Amino acid sequence: MPAGGCGCTVDGKLPEWAPQDGGQGFASKVLDGVQGGHDGIASYTEGTSRYQTGRKYARPKLNVSDYVKGVRGGDRVTLGQAITLMESNAPKHVEKAQEVLKTLLPHTGNSIRIGITGVPGAGKSTFIEAFGCHLIERGHKVAVLAVDPTSSKSGGSILGDKTRMELLSRDERCFIRPSPAGGTLGGVARKTRETMLVCEAAGFDVILVETVGVGQSETTVRSMVDFFLLLMIAGAGDELQGIKKGIMELADALLINKADGDNKIRAQMARNEYERAIHYLQPATEGWTTHAYTCSSLRKRGMDEIWNVIRKFREVTGESGVFERHRREQAVKWVHSMVNEHLLSMFFKHPEIVRSLPEVEADVAGGKLPAVSAVQKLLDLFNSC
Ligand code: GDP
């Protein structure tokens, strides 16, 4: 091969493991390093209105209208950048993100928002792969998001590993975004909620929000979706039943997964049992009766049935007005929960509270100060500053 024939420059050096007298027989060459970020793209220098010099390519800094145009035009790169902007906690980004969101707001809402929960191992990722593929084959555009408040602790997120969603993650009609990392559950949920709106503005008409079946995250996800699906498995230990009961009350459908092979009969029996159990629960959504179904995500069976259930749900709640009413109530509740978060954070970060809290806590723990007086003392301190 002639020098440079592999696309390398003739000045390229051979890698250090290659015999230096090996001639041009090696396809690999070491090129001089590029300046800038890991990808060689120059970074924007704040306050200079320009990109750092000496670099070939510059990633343009987007303004509000660039974001809006890109998202509305279905440009995936801009969509990703817009979501990164929504996820940023930097004050200058928050302001811009809110501008983008305000402009996009009239184009949001045209989707069905589906929450999916289930204990680890229930088959959520496998189900989303099968269900998502089923939907895109029917002409839908699917966004897969996640609320996983543990992702910052474990260093990964439930959707971080896309290998179980191999087909889906490669499809242009699907957009997968892992859980935002870091912060409180409320903070993580805020970011996911805004991401959901951006995806809707980009034309995604089915939004799947995945969460793990532990902790408070189900209640949070329930409050941001239209339809809540609980994925279950037959014969899980009794220790799980407690968790399930609370979550079962939130579900618009129970889906017993892994109804295949030797497990098929057990799954059907579990379905019958759950069907009896939910009969005694309050319906999660007014005017809708929750039922239990079976599916096999691995064999891609039962996808049509559950999609028909969701479509029926949309129809019934749409006709009764419950669908729109829920969305309005969710938006208002969201404001309340953000105010709560904000005030709580302001309170506990206040220097006077930070200074006095350990002493007040010690007094309460030592029986010197009643809890109510302690609260009053802290609130007086906060109000006086
Ligand atoms: P997640 O933790 O809830 O996301 O669960 P995964 O999707 O990672 O699935 C956990 C395990 O169950 C994997 O080994 C899957 O292959 C398996 N699994 C998922 N769905 C099915 C199914 O429908 N049938 C069978 N037999 N196995 C399944």
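Helices (H or I, at least four residues) and strands (E, at least two) are DSSP runs, numbered from the N terminus. Residue numbers start from 1 along each chain as its sequence is written. The model is predicted: local features need pLDDT of at least 70, side-chain atom pairs count only at pLDDT 80 or more, and totals for chains, interfaces and linings use all residues.

The protein chain holds 14 helices and nine strands. A residue is buried if 20 or more other C-beta atoms lie within 10 Å of its own, exposed if 12 or fewer, and partly exposed in between, with C-beta atoms placed from the backbone. In the protein chain, 30% of the 385 residues count as buried.

Lysine 258 is placed between strand 8 (253-257) and helix 10, and lysine 300 between strand 9 (291-294) and helix 11 (303-320).

| Residue | Phi | C-beta atoms within 10 Å | Class |
|---|---|---|---|
| Lysine 258 | near 65° | 26 other C-beta atoms | buried |
| Lysine 300 | about 60° | 16 C-beta neighbours | partly exposed |

Helix 10 (residues 264-278) contains tyrosine 274. Tyrosine 274 is buried, because 23 other C-beta atoms lie within 10 Å. Residues are in contact if their C-beta atoms, placed from the backbone, lie within 7 Å. Leaving aside residues up to four places away in sequence, tyrosine 274 touches Leu254 and Ala292. The C-alpha atoms of tyrosine 274 and alanine 292 are 6.4 Å apart, although 18 residues separate the two along the chain.

The axes of helix 1 (residues 64-72) and helix 3 (residues 91-104) come within 9 Å and cross at roughly 45°. Helix 1 is therefore oblique to helix 3; angles under 35 degrees count as roughly parallel, over 145 as roughly antiparallel, 65 to 115 as roughly perpendicular and the rest as oblique. On the side of helix 1, Val64, Tyr67, Val68 and Val71 meet Lys96, Glu99, Val100, Thr103 and Leu104 of helix 3. This contact comprises six nonpolar, one polar and two charged residues. Ala, Val, Leu, Ile, Met, Phe, Trp, Tyr, Cys and Pro count as nonpolar, Asp, Glu, Lys and Arg as charged, and the others, Gly among them, as polar.

Around the ligand stand 15 residues, of which Gly123, Lys124, Ser125, Thr126 and Leu298 come nearest; a residue is near a molecule if its C-beta atom, placed from the backbone, lies within 6 Å of it. The shell divides into three nonpolar, eight polar and four charged residues. Helix 4 (residues 124-137) gives the most to this shell, with three residues.

Notes
Axes are lines fitted to C-alpha atoms, for helices over the stretch in contact, and angles run from 0 to 180 degrees between N-to-C directions. Two residues are in contact if their C-beta atoms, placed from the backbone, lie within 7 Å.
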